[in-house]
Amino acid sequence: MEEDIDTRKINNSFLRDHSYATEADIISTVEFNHTGELLATGDKGGRVVIFQREQESKNQVHRRGEYNVYSTFQSHEPEFDYLKSLEIEEKINKIRWLPQQNAAYFLLSTNDKTVKLWKVSERDKRPEGYNLKDEEGRLRDPATITTLRVPVLRPMDLMVEATPRRVFANAHTYHINSISVNSDYETYMSADDLRINLWNFEITNQSFNIVDIKPANMEELTEVITAAEFHPHHCNTFVYSSSKGTIRLCDMRASALCDRHTKFFEEPEDPSNRSFFSEIISSISDVKFSHSGRYIMTRDYLTVKVWDLNMESRPIETYQVHDYLRSKLCSLYENDCIFDKFECVWNGSDSVIMTGSYNNFFRMFDRNTKRDVTLEASRENSKPRAILKPRKVCVGGKRRKDEISVDSLDFSKKILHTAWHPSENIIAVAATNNLYIFQDKVN
């Protein structure tokens, strides 16, 4: 996906005008389902918007289908914890799809405290000709019923319904940062700052605590859990990352409480790079298993690292996302940007990785050729079917015509959430309240 990336843009979930965007419209998570036919986004207003890919038309066989709004529903509402006098935001932190088993789709969505399982199904027929009810649904007087009718199904306009099937609540003291569906498809886990819980999809009133790093005395707290994910093939294995820049691989067969890790991944710190900001920028904001299950990818503030499960001492690959910000850490600390949590994703074959940056830039790194590219998701340069031009950031000295100076980057425009189609070169990029969809150039 070097330079031939063709762009198509879907405006924000509700297709609202950009100028009227509110805080609630900001997209907070993006996730393709297992086939790539559906794409779900969650926002700070607690809404989930699902886009569906159009089927290829017979007239234009080679033109791949575009994504259009399929269903929109309110997943979470703002709540108030009266015992702790705390407001619980409706913001959707994560969405995870379950593999499709029948005609309906299922997804998990979570805010800070509550995970919900949603069923999304289609209805294009309605029953008519009831005996005890009239066409408006009112009960008829039994004395007037003289014949027995057989109800029939009549076609109707397609309706997509989202219904909550399970609500998994009251299990987290701290904010949920991750949910991950296990490869057995019977269980999933939810992780907050200090604990990870294992749930069965059928049981909502209890979960099993598999990791607890809360110290007896909270003043001794030195690290928090930042992300967690199940292995794609082994249902007993999962990883979680910490604010200290470490990754722990746990095996649930070893013990019920995974307080002892099986493997511990940490890169030794270079003393020459030590600074006031070292601990903050080494905090891992996202961890993802490769599709093969052989590698783990982690994102910290300045880099993306790829780790081999068989080598704990150091990553096998390190990619600089925006090294030109190293000199700007002081101002990034003052405006709180240094605490931004960027996500990272693999392409379907694990050969390319993608992550976001500032100024609506996102970065792609080809693991085979070691080439990388910076692209920009913005309204100005994203006319339908236009080719995206690679962007370059100039650090000092003379600036070329096509370069942008590091001093003129817009830190309020940041790409934290991205998703990659599981089998094709189609990517979804959330830039504040706009969702962009890019794909390889089609000849």
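Here is a short talk about a pocket and some cysteines in a predicted model.

Residues are numbered from 1 along each chain as its sequence is written. Local features need pLDDT of at least 70, and side-chain atom pairs pLDDT 80 or more, while totals for linings use all residues.

Student: How much space lies in the second largest pocket?

Tutor: A pocket is an open set of points on a 1 Å grid where a 1.4 Å probe fits, with protein on both sides within 12 Å along at least five of seven lines. A volume is the space filled by probe spheres set on the points. For the second largest pocket, that comes to about 880 Å³.

Student: Which strand gives the most to the lining of the second largest pocket?

Tutor: Lining residues have an atom within 4 Å of a point, and this pocket has 34 of them, with Glu 31 and His 34 among those nearest its centre. Strands are DSSP runs of E, at least two residues, numbered from the N terminus. Elements giving two or more residues include strand 8 (94-97) and strand 16 (225-230). With 4 residues, the top giver is strand 2.

Student: How many disulfides does the structure hold?

Tutor: A disulfide is a pair of cysteine sulfur atoms within 2.5 Å. The sulfur of Cys 337 is 13 Å from the closest one, in Cys 330, so the two are too far apart for a bond. Cys 235 is in no disulfide either, as its nearest cysteine sulfur, that of Cys 258, is 12 Å away. The number of disulfides is 0.

Student: Is Cys 337 buried or exposed?

Tutor: Buried means under 20% relative accessible area, exposed over 50%, and partly exposed in between, using a 1.4 Å probe and protein chains only. Cys 235 has 35%, so Cys 235 is partly exposed. Cys 337 has a relative accessible area of 5%, so Cys 337 is buried.

Key: Heavy atoms only, no water.
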